[in-house]
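Let us walk through this structure together, one stop at a time. Keep the picture open beside the text as you read.

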Amino acid sequence: MSDIRHSLLRRDALSAAKEVLYHLDIYFSSQLQSAPLPLVDKGPAELLEEFLFQVPKERGAPPKRLNSLQELQLLEIMCNYFQEQTKDSVRQIIFSSLFSPQGNKADDNRMALLGKLVSMAVAVCRVPVLECAAFWLQRTPAVFCVRLAQALVDDYCNLVPGSIQTLKQIFSASPRFCCQFITAVTALYDLSSDDLIPPSDLLELIVSWIFEDPRLILITFLNTPIAANLPIGFLELTPLTGLIRWCVKAPLAYKRRKKASLSNGHPTSKIAKDSTEGDDGDCHQLYSKLHLSVLQVLMMLQGHLTEKNLYGRLGLIPFDHVVPLVEEINRLSDELNPLNASKEIELALDRLAQALQVAMASGALLCTRDDLRTVCSRLPHNNLLQLVISGPVQQPAHSALPPGFYPHIHTPPLGYPAHAAHPALPAHPALPAHPVQTFIPGMTFPYRPIR
Amino acid sequence: MAALCDPPGSGSPPRAPLSPQDLSQELKAFLTGSDPTLGTPLSPPDHARCALRLLRRLPAARHAVLQHLAGLFDDHVCAHLRLRSEIPPNPPSNPLLLPPPAPSALTEVIHEAQRLLLAFIKAKPNAWAPLLASWAVELLGQLSSKYSGRHGARGLNELLQLWMSCEATRTLMDIYAQCLAALIASCPDACVDALLDTSVQHSPHFDWVVAHIGGSFPGTIISRVLSCGLKDFCAHGDAAAAAAGGGADKRVPKLASVVGILGHLASRHGASIKQELLRMFHEGLAPGQHKGTVPFLLQLALMSPPLLGTVAAELVESLKPSVLNQLHQRFSPLPRDELDSTVALLVRLICQTSAGAFRTLQFLLDTAMPASVITQPGLALHDGVREACDRLVALLLLQLQKSVHNRPSASLADGPQRCVPFLEALRGRVAELCAETLRLERKRYLWQHQLLGLLAVYAAPHGAPEALFHLLASAKGQDELALATQLHAVLAASLADLPGSTAALCVRQIHAGALAAPQLAQLLHNLALVVANEDVNEPASLGAQLAPALVLHLPELAQLLLHPSADAAEAAALLLCSLPAPRCLRPAQLHAALRAAVHHFFLALRRAGGAGLCHAARLLEKLSAVTPSAGRAALQLLVEGALRGGNAELFGGAAPGAEAEADGGTKSKPAASLLDTNRRFTAAVDFSAGVWSVFHAGVIGHGLKAPPGSPALGEEEVNRNTHAFLGVLLRCCRVAEPAPPPVPCIGPEAAKTVASALVDSVCPAAAAAAGGELCWPPEEQARSTVERDLGILRRFRQQPLLFPLLRVVAMGRPALCYCSVLLRGLLATLMAHWDACRDGETTASPWHLQASCALVACMAEGSLLPPVLGEVQELFPRLAPFEVRLLLLSVWEYLREHSPLPQRFSFQPHRGLFQRDFAREGDPGKYLVALHGVLHRNVDRLGLLAGRFRS
């Protein structure tokens with residue numbers, strides 16, 4: 001490796017980068033022939049960092065920087081390389097050795113280059129690159145995935161007007177990438193602040209994708225061998241949690257943004273105001289559509305889980321994520337309460353109740369009603385939600401369903417548990433003195449879960 | 001949006017059908033610069049269009065496209081400049097004002113790029129504006145620097161004209177301005193930061209950009225430039241603040257560029273800059289703000305004198321106690337060395353302050369003053385503030401001293417070479433500074449005094465005399481006067497001939513009428529004190545040096561004796577007394593001085609009881625001693641003055657020829673009398689005794705003329721005045737003589753002067769022939785001169801002072817001869833009186849009796865009469881009038897036979913005076929016959945005296 005390095009040192013930045021790629025290809029091709037799972041040792045990685053990501057190896061050595069034109073050339077070369085490399089395994093291993101974060105200072109350059117590469121691949125429709133990227137998104141810590149998503153959103157939603165169409169087209173080219181992209185984007189935009197509300201272009205794009213084919217959401221889940229324990233710190237298997245969060249929180253988050261812009265006293269002209277209101281109206285439509293699609297997918301999920309023999313074993317919507325969601329809704333509704341946001345709060349709670357009910361029913365959310373009750377006890381009153389957490393009194397008689405279909409949600413409502421049901425829950429025992437959500441035990445409801 | 005999809009003139013195909021394959025073809029074309037299908041190279045405009053298409057489709061390529069466009073703009077600028085230089089400047093008009101070149105293909109592409117980029121900015125300002133702003137500004141900087149040597153434009157305006165006439169640069173400028181405008185409401189920091197960075201990098205060539213943008217967005221640019229500068233300053237750390245006194249410039253690179261930009265804007269937007277700076281200052285004090293604000297502003301001010309000038313004055317106004325306390329709170333926790341450097345920086349700044357320097361000084365002194373017992377209303381100052389200010393003042397003085405005394409020595413004469421604006425601004429405030437110093441407030445006056453010294457050295461050669469003048473003019477009392485001498489002591493080493501120029505300045509100021517009467521008096525008084533305090537042991541003291549300098553101005557100072565204000569005149573007299581005798585003085589000047597002194601003397605006499613009298617007398621004496629002629633002039637003036645006009649009243653007399661005007665003239669004197677004024681400056685003019693004069697006893701029908709009113713003054717006062725006058729006269733007589741005779745006698749020359757003055761005054765008509773009439777005619781001939789004689793008698797009667805004066809003349813031995821006219825006239829008239837008198841006793845006409853006695857006694861004193869004959873007046877009170885006449889007749893006879901000529905006197909060297917030897921002149925017996933007859937006739941009463949008159 002050191003002799004290669006010496007020869008590279010003599011070259012200019014661009015040709016050195018090209019040469020590194022060439023050597024890497026040779027190296028991994030030969031490795032793969034000898035062993036099915038080649039070890040990526042340090043030598044090539046260091047070469048990459050020095051000549052591709054321009055991190056000077058010796059202190060004080062003047063870094064050879066590619067200028068923007070050379071960088072563009074390099075990107076094109078890389079695109080073409082991945083396109084022309086026929087072996088999937090070689091492609092994958094080279095992609096991951098190039099762009100897997102190493103936790104060193106080359107990561108910034110690495111991520112920047114990756115962002116540009118994927119952005120370019122989207123534009124010129126290089127499917128292999130997108131597939132590799134989808135794979136990368138699956139195996140990389142979420143923080144980095146979010147950065148890639150941010151780069152793409154910046155390029156296609158924030159920068160060039162109308163370029164969102166380009167992004168839309170990759171739906172047909174690489175649905176797998178689209179699915180991972182949606183997961184990353186929902187992880188990025190969690191509506192926790194005004195800046196983290198998804199741009200309307202992006203929202204429209206995602207809704208149009210999902211609406212066209214709701215199964216898109218499940219592609220990764222269906223095509224990946226599932227381990228029972230999902231690793232922590234990575235993207236989820238499906239964007240379901242994120243999308244539920246979007247639908248539920250959207251009414252409140254948009255209301256809050258409106259309030260902020262009003263109280264800031266920005267002298268918004270009438271036209272601008274109208275346009276934002278129109279925008280918001282469009283968005284509400286989109287969220288409605290999205291909510292419907294999500295519910296539909298959840299309904300579908302039951303079958304897939306059963307197929308994979310994961311029913312009741314794999315919570316695709318982890319309860320850990322529901323808890324903060326409920327809390328945020330609680331906080332937001334408190335925040336907005338004086339502002340006559342009852343309509344928005346109602347809508348959000350309705351959506352929450354629907355999503356919870358359907359998720360529990362389909363086995364995507366694994367929890368007891370007691371857990372739910374504890375979590376939701378402080379929320380403002382909502383009829384539907386109350387129905388959901390009190391549960392059906394009637395024993396359902398669905399012959400089509402396997403026995404024990406509802407085991408976990410059929411605990412009889414016997415009052416409040418003496419202890420917090422979930423360890424992650426902050427200690428706020430719902431005292432009987434002032435319960436917001438009144439629960440009347442033994443009350444009967446003519447209620448059946450939807451199918 | 002539609003415009004974006006198909007920009008007019010781009011000629012590109014509509015975007016929608018462009019497939020990914022086409023796009024990759026475009027990319028290849030852009031990267032290789034050749035047509036992918038044909039393989040032929042693309043022309044630059046086509047290449048650029050290809051780039052623009054990529055920009056619209058391939059976001060990842062935007063940096064590369066912008067880089068390519070940068071090259072395009074560069075080419076265009078190059079072409080533009082070449083075109084400009086190729087066209088010969090045939091019309092001698094400004095070569096910059098060329099007709100715009102025909103739009104080339106390149107220009108069109110540039111326009112396309114501009115349209116596209118502007119549309120992007122408009123559509124997505126938050127994403128594009130920062131990116132494009134920094135791109136445009138950096139490119140502008142590069143272009144400005146790169147072609148700086150090629151265009152030959154000089155000055156900001158020419159540069160602006162040149163670059164704005166170039167399509168490429170104008171476009172870039174437009175793009176930047178649009179970016180700024182798009183973000184101006186939200187957060188233009190990114191744009192301004194780019195501007196600052198570039199400005200640092202390409203400073204002199206880039207100025208035109210800053211000027212142009214600053215002119216378009218003054219408010220934003222000013223506040224943003226300041227806040228970016230502050231951020232940068234703070235980011236460079238407290239280390240920079242610590243070294244703020246030294247070479248912080250390198251460490252805080254943006255500061256220079258901030259200064260440059262603000263400097264550009266200062267001319268037109270000075271007010272808003274000032275507002276912004278002050279706002280920043282006050283906001284920076286608020287708790288929680290970054291503490292770099294104040295050091296930043298200080299540093300900024302240090303680097304830019306114009307900014308300092310704009311801000312300093314108002315800043316001082318706003319430093320109220322609350323603000324100062326805040327400042328103290330802010331700075332007190334800082335380490336010692338940091339504080340020191342801040343103070344040093346402040347001192348430098350204050351030295352640079354010009355506008356409002358005096359106000360600043362006042363503020364510093366006020367604040368540094370120890371707290372008085374009386375608490376002032378309002379917020380109390382923290383003690384720390386006071387101490388800090390105290391220290392600041394001390395250091396300021398030290399620094400000023402350094403800068404004043406370190407100047408090249410030649411500068412003391414050539415005028416200031418290194419300007420210290422602070423002192424420069426204080427030059428005009430010397431008077432106020434002096435006045436404040438003289439208040440002698442604790443501590444404060446010490447600082448002010450020191451500052452005065454520095455200012456004096458700095459503003460040489462005029463500063464020092466001015467300061468001394470002001471101190472001398474306003475000092476009251478020894479303590480305050482000491483400030484002047486101390487100042488002189490400080491400056492004597494560094495400034496030559498300080499007393500001389502001070503004296504000259506004082507005199508100039510006096511003559512310019514710059515001082516009101518009380519101040520003038522004070523000044524003269526102070527000068528006299530200083531001169532009088534001269535210490536013999538210290539030849540360098542102010543007094544010792546000032547005296548000779550003032551003597552040179554004696555003529556001017558003497559005129560002050562005539563000042564309408566009594567105080568001023570007296571002070572002038574005091575000063576002149578204190579001065580040593582002048583060495584050389586032109587007679588005319590001396591005479592004028594004498595005249596003034598005499599006038600002053602009489603004024604002093606008139607003011608009765610003033611201490612000024614003795615100064616006036618001493619002054620006269622001193623002046624008389626200068627030359628013999630001066631002495632004579634003094635005597636003459638004194639006599640003339642005493643007998644003239646209003647002065648006669650002082651000695652119990654009435655003015656000669658004043659009868660005419662006696663009714664109103666002398667009693668209610670108008671405030672300004674031309675006659676009086678004339679008398680001050682010219683010799684007396686007396687028309688009273690011409691041949692045409694008529695004397696009468698009254699107007700027919702109105703009865704007798706009213707006798708002159710009783711003298712205005714009491715007898716005691718008259719005596720005192722007479723005494724004083726004679727005292728002065730005698731002293732003048734003594735000093736006028738080079739070798740005066742022993743005490744009771746006076747010098748003959750002086751006496752002669754007095755005599756001639758007397759004659760001139762009493763009988764001007766006779767004065768012309770005075771020499772010829774020393775000889776006495778027969779008694780009968782006196783009838784021809786009866787009118788003149790009556791006039792003389794009347795004068796003697798009106799002016800009692802004449803007899804003492806005659807006595808004075810008599811004491812200077814031969815001099816009485818020159819008064820023959822008067823003696824003769826008096827004697828003749830008295831004889832006529834006694835002849836006509838029908839009373840039995842001489843005491844019935846007391847004045848005539850007294851006059852007769854005094855006359856004879858006087859002639860005896862003057863050795864005009866031999867011993868026995870000279871004593872007959874003792875008998876007069878006991879005789880009958882006709883007997884008196886007989887005796888007077890024999891006196892006349894003697895005088896006719898022995899004419900009173902000076903030749904009859906001879907000088908006695910051993911006694912030092914002239915004496916007349918009557919023994920040689922024959923027996924006086926025949927003139928005593930009448931005497932003896934009278935004795936016989938009255939032997940019953942006068943027998944006792946017979947022995948006394950035996951010859």
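Predicted model: local features only at pLDDT ≥ 70, side-chain atom pairs only at ≥ 80, totals over all residues.

To find Y894(B), look in helix α45 of chain B, which covers residues 881-897.

What does Y894(B) touch, not counting residues up to four places away in sequence? Its partners are L865(B), L869(B), P924(B) and Y927(B). Take L869(B) as an example: 25 residues separate L869(B) from Y894(B) in sequence, yet their C-alpha atoms are 9.0 Å apart in space.

Now move to chain A, to a pair of helices. Two packed helices are described by the angle between their axes and by the distance between those axes. For α16 (residues 342-362) and α18 (residues 383-390) of chain A, the angle is about 25° and the axes are 8 Å apart. An angle under 35 degrees counts as roughly parallel, so α16(A) is roughly parallel to α18(A). Their crossing is left-handed. On the α16(A) side, the contact is made by L349(A), D350(A), L352(A), A353(A), L356(A) and Q357(A), while α18(A) brings L384(A), L385(A) and V388(A). Sorted by class, this contact has seven nonpolar residues, one polar and one charged.

Finally, see where the two chains meet. Chain A puts 24 residues into the contact and chain B puts in 21. On the side of chain A that touches chain B, the elements giving two or more residues are α4 (68-84), α6 (107-124) and α8 (142-159) of chain A. The biggest giver there is α4(A), with seven residues. That side of chain A divides into eleven nonpolar, eight polar and five charged residues.

Conventions
Residues numbered from 1 in each chain as written. Chains lettered and ligands numbered in written order. Contact = placed C-beta atoms within 7 Å. Helix = DSSP H or I, 4+ residues; strand = E, 2+ residues; numbered from the N terminus. Nonpolar A, V, L, I, M, F, W, Y, C, P; charged D, E, K, R; others polar. Axes fitted to C-alpha atoms, helices over the stretch in contact; angles between N-to-C directions. Parallel < 35°, antiparallel > 145°, perpendicular 65-115°, else oblique. Left-handed = near helix turned anticlockwise from the far one by under 90°.
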